[in-house]
Protein chains: 2
Amino acid sequence: MLKFELLKTDGPTSARLGRLTLPHGTVNTPCFMPVGTQGTVKTLTPADVAEAGAEIIVCNTYHLYLRPGHNRVKSAGGLARFIGWNRPILTDSGGFQVYSLAALTRVTDEGAEFQSHIDGSRHVFTPELVIEIQQALGSDIAMCLDECPPYPVGRDLAESALARTTLWAGRCKAAVLPETNLFGIIQGATYPDLRRRSALELLALDLPGYAIGGLCLGEPSDVTYDLVAELTALLPANRPRYLMGAGYPEDIIAAAERGVDMFDCVLPTRNGRTGTAFTTAGRVVIKNAKHADDMSPLDEACDCYTCRTFSRAYLRHLFIAGEALGPRLLTLHNVSFFQRLVAGIRQSLAEGRFRQWSATFLDGYGSAAEPAENPVVNVTQT
Amino acid sequence: MLKFELLKTDGPTSARLGRLTLPHGTVNTPCFMPVGTQGTVKTLTPADVAEAGAEIIVCNTYHLYLRPGHNRVKSAGGLARFIGWNRPILTDSGGFQVYSLAALTRVTDEGAEFQSHIDGSRHVFTPELVIEIQQALGSDIAMCLDECPPYPVGRDLAESALARTTLWAGRCKAAVLPETNLFGIIQGATYPDLRRRSALELLALDLPGYAIGGLCLGEPSDVTYDLVAELTALLPANRPRYLMGAGYPEDIIAAAERGVDMFDCVLPTRNGRTGTAFTTAGRVVIKNAKHADDMSPLDEACDCYTCRTFSRAYLRHLFIAGEALGPRLLTLHNVSFFQRLVAGIRQSLAEGRFRQWSATFLDGYGSAAEPAENPVVNVTQT
């Protein structure tokens, strides 16, 4: 069902311009997928997300399985219809959440046994079940169940997680319907040889797309970038590549430069909710006192509803006063910002000036960044 | 600055169709003013509120004085500009909040001394100060500082609060700029003779509009309705009348029938946030299990974005999962519902069939109301 067209490969870099056709629509790549864990990009309507420019979102198998239940969603006509987003949806397999959110009771080659973070009820995720769930949801792209070790992790654990991920990928492939677009997830932590092994084992399954999991967990950037470059060199040019969890603008640009087509991260939504905006001139912590009388918009270069309508002074007031409109408006801006970022990558690729564009972008982005009151971290995905 | 045109008086009832022209625009009456206490109708953008059909909102002097501060709002070009709502705003004087929210330390004829509910800081609201604040905010309609006793209250306290309200109204009138539209607030609790006295004393000040305060605080409906009827009979036909805090659809209809032109209440927004929707067929408690698989909209008769786009099953999921989109979507619907309600009153008045329309509306509204999980109360305005 998936069709991936490689429209252009950059000369000076490995960046690619592409178009991904999925059951619910077309996605221009490189793309950034806002995260709608529980079937909603937090605080936003589907109309907002579309207006921000997103063409695909990520929802979560673990969360939707627990609540409202995949069979309920199936009866409602599938996830896209249930949530009012009549466009492509990628569902993460829930492996990451089982390891990070649930109380994990036992992992064997058979599957992962866990207790729900909501009510403590016991469940087992097997490769077959996560495929069944994602097919019930009607996902445009389903992800294999993987074992994602934390960072840092020793070589032995990384190796056994890799082996299990390969085993489970084979079972996912055996269980999946032919019309479901199943992506494999490359593991292997920060060990280059394990990463290569994982990639080659998954390539043998001939899947319609490949994701790089288990990165962007706090390891140094150059480690991430080098591994990404090594892996994209191994992956077939005619399949989309997805770097899971990369959310800093500089990381997205660096990974796109190394041939990644798809990104997702909770950063724009989570930081928006908690008062940090991404702008052309860097991050802005809206509660800072310096914005109290600032009648300028969050980002002069942005044409989102938030920037067209409100001043920093008002946005700060909303956050100080604890008003729900504040998180909503900053989330809307951040989601728009990340869409403009990938649109900028795509346009500069089309025009053959990606390197120049990214240099200019990064220059401006670093020019006026405010220190965040709290460190901005990206390790917990909900 | 205020112009009130009485377009039509109903034959069979005392209901009135009117048009109120204010510095920031025109308001068709009877109108319902959504409450935007801190300069935002909770969870909604100004665009949402306008799309729902509202032509005027209510903001709060007490809250905006404390945060962000009226002088900051004045520097920003006034409240309408600061909050991105370029339409009329009525500001409540803050008297109600001083009594209900703040720690009230002392009330004398001079003013009300209180401690902020935010940081405990000490302040004194005098009639002159609340006028100064409302003028700094640039309110289209400013309210007199009043003393609003709780329900029930003894006659002596009601009488002294009334006397002080009259005294303060005189000082407000003396302090106000000629271009500010100052409304008086009739007090007197549930004592008909005190209510009449209060009205006559305020009428002597010849103000551009009159509000009925201190009702809808839990007293029986027939007490409210009888007092409203008595008071509207006393008030001049060519001045707008505002019943403060009336929010139940049945109360709005009953009061409009008795000649009230303006309404405000936190019910649509507060109930929306907490999961109760107002629909053509009565109240719906969205978390109730019966909605878990209900793919129909909240209200078949409603054309708001929520009802056009989402099922009850999805709205329930949002509330069960604690997602911010749930309160937003139910608030949007409720605000739209109350605008359709007053639009229905206006249209039926224009067509000379108000009685029939209201009978049909109330008939449908009572037909399928669900018991709320928690009693819906209306005594605390924030």
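**View 1. Salt bridges between chain A and chain B.** Six salt bridges link chain A and chain B in this predicted model; a salt bridge here is a side-chain nitrogen of Lys or Arg within 4 Å of a carboxyl oxygen of Asp or Glu. One to look for joins the side chains of B:Asp48 and A:Arg328, at 2.8 Å from N to O. Four helices of chain A, α1 (46-51), α4 (79-83), α13 (312-320) and α14 (325-350), each supply at least two residues of the side that touches chain B. The largest share of that side, six residues, comes from α13(A). Helices (H or I, at least four residues) and strands (E, at least two) are DSSP runs, numbered from the N terminus.

Local features need pLDDT of at least 70, side-chain atom pairs count only at pLDDT 80 or more, and totals for chains, interfaces and linings use all residues, while side-chain values use heavy atoms, with hydrogens and water left out.

**View 2. The contact between the two chains.** Here 36 residues of chain A are in contact with 36 residues of chain B, where contact means heavy atoms within 4.5 Å. Together the chains bury about 3000 Å², 57% of it on carbon and sulfur atoms; buried area is the accessible area (1.4 Å probe) that two parts lose on being put together, summed over both.

**View 3. A cis peptide bond in each chain, with A:His70.** In chain A, the peptide bond from A:Arg67 to A:Pro68 is cis, with omega near 10°. A:Pro68 sits in the loop between α2 (61-66) and α3 of chain A. Chain B also has a cis bond, joining B:Arg67 and B:Pro68 with omega about 10°. Most peptide bonds are trans. Helix α3 (residues 70-75) of chain A holds A:His70, which counts as buried because its relative accessibility is 8% (buried means under 20% relative accessible area, exposed over 50%, partly exposed in between; 1.4 Å probe, protein chains only). Leaving aside residues up to four places away in sequence, A:His70 touches several residues, including A:Tyr65 and A:Glu132.

**View 4. Two positive phi values in chain B.** Most residues other than glycine have a negative phi. B:Thr43, however, has a positive phi of about 80°; its place is in the loop between β4 (31-34) and α1 (46-51) of chain B. B:Ala189 has a positive phi near 50° and lies in the loop between β11 (182-186) and α8 (192-203) of chain B.

Methods. Residues are numbered from 1 along each chain as its sequence is written. Chains are lettered from A and ligands numbered from 1 in the order in which they are written.
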